[in-house]
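Please consult the sequence and the coordinates alongside the text.

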Amino acid sequence: MARLRLSQIRSRYEAGQPIPMVTAYDAPLAQAAEEADIPLLLVGDSLGMVVLGYESTLQVTMEDMIRHTQATVRATETPFIVADMPFLSYQVSVSEAIANAGRLVQIGGAQAVKLEGGTAVCDRVSAIVQTGIPVMGHLGLTPQSVHQLGGYGMQARTEVEAEKLLEAAQQLEAAGAFAIVLESVPEEVGERVTKTLHIPTIGIGAGRKTSGQVLVTHDMLGFNPRPAKFVRRFADLRTPLVEALRAYNEAVTAGTFPAEAEVRHASFPNFNDAGTSQ
Ligand code: KIV
């Protein structure tokens, strides 16, 4: 089976078919997403918070992103895989941005990269695209700017901010982005940007009118005790996980694991209790 191509994502968009995307960071999660026929996987820098235990995405490095992109790519055959460019991997200069996008594709195996920001990153987007690497933009709540934004609240709440975001989206499109993530913006803003652009918008907390949706998998599977209000928990996997681990703990403590049927016995005779053959 072949990996989904950019042209197939484009066809889906042109046919008006909503585009599902989820985050994946490791082999088991990526395989589950592939089995569920999710066409787009994002190796997001949310990795820092949901897998590596950091407080924000700012600590995530290129090495982290490459390692987790490799795992996601190795474990799957069909989804189109987008790798996030971590903080400071594209902000410093255009040439560093090209080199780091290249590493995510060449060493990580990603099909595309994503970076945050509007007008300020358009030269990076266009340079990376000219290198032959598809770029996904990211506007609205851009977690790498958490300290400047003053938290993880909703963005583009006023007409002026919404207009600014729309302009930035148009600039990203002109710079060659193949799609744009819109995070935490009012539904009206998501709709306006989606109607204005000629590339897909992928919403996360951006309402119902975007071309596609993305969720952080750990949030939708119930691992985050305080997910954002817009997150739907499609499952609560944390509870059965804790229950299974508790049952194991109790079984080992009580001496009931392993049971007789779970023990492998030596097939040769004269094997003594000390484990040495006589
Ligand atoms: O890092 C991430 O998971 C993301 C999504 C929130 C879109 O950028």
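How many Å separate an oxygen atom of the ligand from an N or O atom in the side chain of aspartate 84? In this predicted model, the separation is 3.1 Å.

**Ligand site**
- The ligand is surrounded by 13 residues, and the closest are Gly44, Asp45, Ser46, Asp84 and Lys114.
- For serine 46, an N or O atom of the side chain is 2.5 Å from a ligand oxygen atom.
- In lysine 114, a polar side-chain atom is placed 2.9 Å from an oxygen atom of the ligand.
- The ligand taken alone exposes 260 Å², of which the protein buries 96%.
- The largest pocket is where the ligand sits.

**Glutamine 144**
- Glutamine 144 belongs to the loop that runs between β5 (135-140) and α7 (146-149).
- This residue counts as buried because its relative accessibility is 7%, and the cut-off for buried is under 20%.
- Its side chain forms a polar contact of 3.2 Å with the side chain of glutamine 91.
- Leaving aside residues up to four places away in sequence, glutamine 144 touches several residues, including Asp45, Met85, Phe87, Tyr90 and Glu116.

**Lysine 164**
- Lysine 164 is part of helix α8, which spans residues 159-175.
- With 62% relative accessibility, lysine 164 counts as exposed, since exposed means over 50%.

Technical notes
Residues are numbered from 1 along each chain as its sequence is written. This is a predicted model: local features need pLDDT of at least 70, side-chain atom pairs count only at pLDDT 80 or more; totals for chains, interfaces and linings use all residues. Side-chain values use heavy atoms; hydrogens and water are left out. Helices (H or I, at least four residues) and strands (E, at least two) are DSSP runs, numbered from the N terminus. Buried means under 20% relative accessible area, exposed over 50%, partly exposed in between (1.4 Å probe, protein chains only). A polar contact is a pair of N or O atoms within 3.5 Å; within protein, one must be able to donate a hydrogen and the other to accept it, and residues adjacent in sequence count only if both atoms are side-chain atoms. Contact means heavy atoms within 4.5 Å. A residue is near a molecule or strand if one of its heavy atoms lies within 4 Å of it. Accessible areas come from the Shrake-Rupley method with a 1.4 Å probe; for residues, only the protein chains shown count as cover. On a 1 Å grid over the protein atoms alone, a cavity is a set of points where a 1.4 Å probe fits but cannot get out, and a pocket is an open set with protein on both sides within 12 Å along at least five of seven lines; lining residues have an atom within 4 Å of a point. A molecule sits in a cavity or pocket if more than half of its atoms lie within 2 Å of its grid points.
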